[in-house]
Amino acid sequence: MKSKKDIVAIGRAAIDLNAVEINRPMEETESFRKYVGGSPVNISIGASKLGLNVGLIANVSDDQHGRYITDYLNQLGVDTSQIHVDENGHKTGLTFTEIKSPTESNILMYREEVADLYLEPKHVSESYIKDSEYLLISGTALAQSPSREAVLKSLAIAKANSVKVVFELDYRPYTWKSLEETSIYYELVAQQSDIIIGTRDEYDMIQRYQNIADEEISDSLFQYQSELVVIKHGVQGSKAYTKSGEYYEGKAFKAKVVKTFGAGDSYAAAFLYALVNGKQIADALKYGAASAAIVVSSHSSSEAMPTSEKLEKFIEEQESQKI
């Protein structure tokens, strides 16, 4: 493995507990299966399974859950040398998922005093970020201090060392105190990011982007650092705008949907995989959509992340059906 990282991600590491008894409300569900979760972790896993050299900066609990996360990442080739083990008793966040139907999935998060939001600036290594192509920032890590300051430190290091910054909006309302607070920090980081990826609903968390067209959002961001803005619209597909004026539209793939969560993380992993490998933006949109379709067709998010072979085969099969 080459020493230079393709992607270094920073942020939330958690545990997903997905309902085994699908098509039932959580009140009636008795069995759950444990998976590693959290947006930057899922993206790291997805990118690593696709063949990229990936590292993670995070804070995990000093207990069985923290060790489970680290061990699983090690098994999949994600570098865990920058994962800090919490020293103050903070626990790993838990996410219970409810799968009522293919179109109705809900999540119940336990996020009080969680370890990931206690990542401190001192846990962020300048040399580690300098030696990478991309820094991936997850929006949830901006929700509270000291994680917020750790992320802003990583952003400053990346900008000072010509490391491309990817901002995956990853909005989780139960982590933030107010829309105004969310808007302030999302806009601050978005303006300093090279690539921004999110759903249209997530862009709307930045107050001045509400009630304006997608193109107006991208034009506003292009006044700052941004080079590429990706806005996702679920089954309607996704749009990509470049600072140089190009516009791309990606279609969603058909999927046998089991649950609706996990799509965004898998999309980001495959989209970045395509960019790292020099593929065109139109192809990156296709890879992202294909990976999302694969993951929503599975019970898990992290474990369902496809390999490059599976991803290519899925795209080939789907496109052959259209002929």
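Me: Which residues lie nearest the centre of the largest pocket?

Reply: This is a predicted model, in which local features need pLDDT of at least 70 and side-chain atom pairs count only at pLDDT 80 or more, while totals for chains, interfaces and linings use all residues. Residues are numbered from 1 along each chain as its sequence is written, and side-chain values use heavy atoms, with hydrogens and water left out. On a 1 Å grid over the protein atoms alone, a pocket is an open set of points where a 1.4 Å probe fits, with protein on both sides within 12 Å along at least five of seven lines; lining residues have an atom within 4 Å of a point. Here, Thr260, Phe261, Gly262, Ala263 and Gly264 lie nearest the centre, among 46 lining residues.

Me: Which elements give two or more residues to that lining?

Reply: Helices (H or I, at least four residues) and strands (E, at least two) are DSSP runs, numbered from the N terminus. The elements giving two or more residues to the lining of the largest pocket are β2 (14–19), α1 (39–49), β6 (94–101), β7 (104–110), α6, α8 and α9 (281–296).

Me: In what order do the strands of the open sheet stand?

Reply: Strands of a sheet pair through backbone hydrogen bonds, either parallel or antiparallel. Two strands pair if DSSP finds at least two bridges between them. In this model, nine strands form an open sheet with mixed pairing, in the order β5-β4-β1-β8-β9-β10-β11-β12-β13. The edges are β5 (83–85) and β13 (247–250); each has a single partner strand, so one side of each lacks a neighbour in the sheet.

Me: How many bridges join β11 to β12?

Reply: Five bridges link β11 (residues 228–232) with β12 (residues 238–242), and the two strands run antiparallel. Opposite Val229 stands Tyr241 in β12.

Me: Which backbone features deserve a note?

Reply: Most residues other than glycine have a negative phi, and most peptide bonds are trans. The peptide bond from Ser145 to Pro146 is cis, with omega near 5°; Pro146 is in the loop between β8 and α4 (147–160). Asp170 has a positive phi of about 40°, and Asn211 has a positive phi near 65°.

Me: Is each of these two residues buried or exposed?

Reply: Buried means under 20% relative accessible area, exposed over 50%, and partly exposed in between (1.4 Å probe, protein chains only). Asp170 counts as buried at 2% relative accessibility, whereas Asn211 is exposed at 79%.
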